[in-house]
Amino acid sequence: MSETRMPDNIFFLADRKQTKENRFFAEEISAEEKLVQDICNGNQTAFDELYRRFSPMIYSIILSRSPRDEVADLVQEVFLTAYQNIKTLREPKAIGGWLAIIARNQAAEFYRKSKPTEELSEDLSHAGSRKNEAKEVLDIIKSLPEAYKETLIMRLVEGLTGNEIAEQTGLTPESVRVNLHRGMKLLREKLGIAGK
Amino acid sequence: MNKDYLFDKTGEDAEIENLENLLQGFRRKNTTAPMLPVKVMVFPNKTRQKTFRYAFAIAASLLITFMLGLFALNIGKKDAQNDNLSENNAPQTFKSIPEEQKTVPQTILTAPEEKNTAPQVLKTVLQKKNTTLQKFKTALQEKSIAPEKILTAQNVNKYALYKQKSVKTIPQIKVKTLTDEEKFAYEQLKLALSITGSKLKIVKEKIYNAEDFNSVVNKKTVTK
């Protein structure tokens, strides 16, 4: 028979809530909010830290949506736009998701502004080489649905783990796991590889 | 132990490792963050703006209500002042009318017969008015009133109109029709009053007689 343990304090729910709130505030002040505050004050080191933490994710998002040659410039533009609008960020904890939205908008804006062009292969003479094979694989990944292509590029190109992807994008680890496995299944089908 | 290389890089998966190696060339090169501008824009706090807006709205509404209240009070005061002025200064206005305007326009009375299209009734009314005015004038002169205080027919009419407007009509009290009981009570009261009146009369007569008698007696004693 399982023992039901009664709380000593009848206001245990209130206490629990209070401790949860305290923990929440402590975390918020310690990490993201401090970073955002420092960036607002024009601290370059804080901005470097932001760039170091979130540039792989931003790079992956932009790579999945725009030509490779433009990715570096677009990443820089994303961070500059983020800096200009950082005061509009209400919840510092959601900075990852906020940056991801900026990156997606920036990629969409790039396509809206630029004329349609055909990207040439970097080395036409080495047809069938490893680089071209890699490009083909990347193109196939880019053709996958949005949720899958971003997570797959983060994982396969940038080498981030599922937990790191979840932390940066603001998604739950479970949904990242699902996206990775479903995306990988689709990629296998398209590449003609017999999976597990 | 469940190993998931795709998710957390635990265990082994040759296929994924091969893909990782293949796509390694697209990996981001180590670049530095863009340099921040020296001056940082400081944006005003939105919550403060909101509170200021609310405070401003409340203050404005209070001010408007205050102004409206003052306006209403002023109107009330003006009305009261106008009433007082009209009651006090009415004769003064009539006094200050110039002499030329104090006469009845002769054109109406002396108009030629052929041009005078007014009906005969109007003519007679005007003549009557003129005669009453003459009478009034003579009466005033007899009472040695200054000529400037004499009112003309026009002014008399104006004054009458003014009085009609200014004098407040007293509300008439409606007399209730009496019931039978009330009528009976009323009759009884009248009877009682008449009885008491007659009694008082008798008493009064007795007192006067007594006074007369006493006076006679006193006179007699004095003569003795």
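Two rings of Phe, Tyr or Trp form an aromatic pair if their centres lie within 6.5 Å; planes under 30 degrees apart count as stacked, and planes over 60 degrees apart count as edge-to-face. By this rule, the structure shown above, which is a predicted model, holds five aromatic pairs over all chains.

One of these pairs is formed by Phe47(A) and Phe79(A), whose ring centres are 6.4 Å apart and whose planes stand at 85°, an edge-to-face arrangement. Phe47(A) belongs to helix α3 of chain A and Phe79(A) to helix α4 (residues 68-84) of chain A, so the pair ties together parts that are 32 residues apart in sequence. Phe47(A) has a relative accessibility of 0% and therefore counts as buried. Phe79(A), also at 0% relative accessibility, counts as buried as well. The two rings are members of one aromatic cluster, which is formed by Phe47(A), Tyr51(A), Phe79(A) and Tyr83(A).

A second pair may be set beside it. The rings of Phe52(B) and Phe56(B) have centres 6.3 Å apart and planes at 25°, so this pair is stacked. Phe52(B) and Phe56(B) are four residues apart in helix α3 of chain B, and are therefore separated by about one helical turn. An α-helix has 3.6 residues a turn, so residues three or four places apart point the same way. Are Phe52(B) and Phe56(B) buried or exposed? Both Phe52(B) and Phe56(B) are exposed.

The nonpolar interior comes next. In soluble globular proteins, nonpolar side chains tend to be buried together. The largest nonpolar core of this model has 58 residues, and the members that touch the most others are Leu50(A), Ile58(A), Ile95(A) and Leu99(A). Helix α3 (residues 44-63) of chain A supplies the largest share of this core, namely eleven residues. Which residues does Leu50(A) contact, leaving aside its neighbours within four places in sequence? Leu50(A) is in contact with Leu35(A), Ile39(A), Ser55(A), Phe79(A), Ile95(A) and Leu99(A).

Tyr54(B), Ile58(B) and Leu62(B) make a nonpolar surface patch of about 360 Å². Ile58(B) is placed in helix α3 (residues 46-88) of chain B. Since exposed means over 50% relative accessible area, Ile58(B), at 51% relative accessibility, counts as exposed.

Chain B can now be viewed as a whole. Its secondary structure comes to eight helices and zero strands. Of the 224 residues in chain B, 12% are buried. The accessible surface of this chain comes to about 19,500 Å², and 61% of that surface belongs to carbon and sulfur atoms. Among the contacts in chain B with a separation of 6 or more, 45% are between residues 24 or more positions apart.

Charged side chains form a further set of links. Side chains of opposite charge can pair when their charged atoms come close. The structure holds eleven salt bridges over all chains. One of them joins the side chains of Arg65(A) and Glu146(A), at 2.9 Å from N to O. This pair links distant parts of the chain, 81 residues apart: Arg65(A) is in the loop between α3 and α4 of chain A, and Glu146(A) is in helix α7 (residues 146-156) of chain A. With a relative accessibility of 44%, Glu146(A) counts as partly exposed. Arg65(A) and Glu146(A) also belong to a network of salt bridges that links Arg65(A), Arg104(A), Glu146(A) and Glu150(A).

Other salt bridges cross from one chain to the other. Arg155(A) forms a salt bridge with Glu20(B), in which the closest N and O atoms are 2.4 Å apart. Arg155(A) lies in helix α7 of chain A and Glu20(B) in helix α2 (residues 14-23) of chain B, so the pair joins two chains. Both Arg155(A) and Glu20(B) are buried. The side chains of Glu15(B) and Arg188(A) also meet in a salt bridge, at 2.5 Å from N to O. This pair runs between chains, from Glu15(B) in helix α2 of chain B to Arg188(A) in helix α9 (residues 173-191) of chain A. Arg188(A) has a relative accessible area of 14% and is therefore buried.

How many of the eleven residues of α7(A) are buried? Nine of them are buried, and the helix is mostly covered.

Definitions and conventions: Residues numbered from 1 in each chain as written. Chains lettered and ligands numbered in written order. Predicted model: local features only at pLDDT ≥ 70, side-chain atom pairs only at ≥ 80, totals over all residues. Heavy atoms only, no water. Patch = residues over 30% accessible without salt bridge, like charges linked within 9 Å, V, L, I, M, F, W, Y side chains within 5 Å. Areas by Shrake-Rupley, 256 points an atom, 1.4 Å probe, with all protein chains shown as cover. Salt bridge = Lys/Arg side-chain N within 4 Å of Asp/Glu carboxyl O. Buried < 20%, exposed > 50% of the residue type's maximum accessible area, 1.4 Å probe, protein only. Core = buried A, V, L, I, M, F, W, Y, C linked by side-chain atoms within 4.5 Å. Contact = heavy atoms within 4.5 Å. Phe/Tyr/Trp six-rings, centres within 6.5 Å; stacked < 30°, edge-to-face > 60°.
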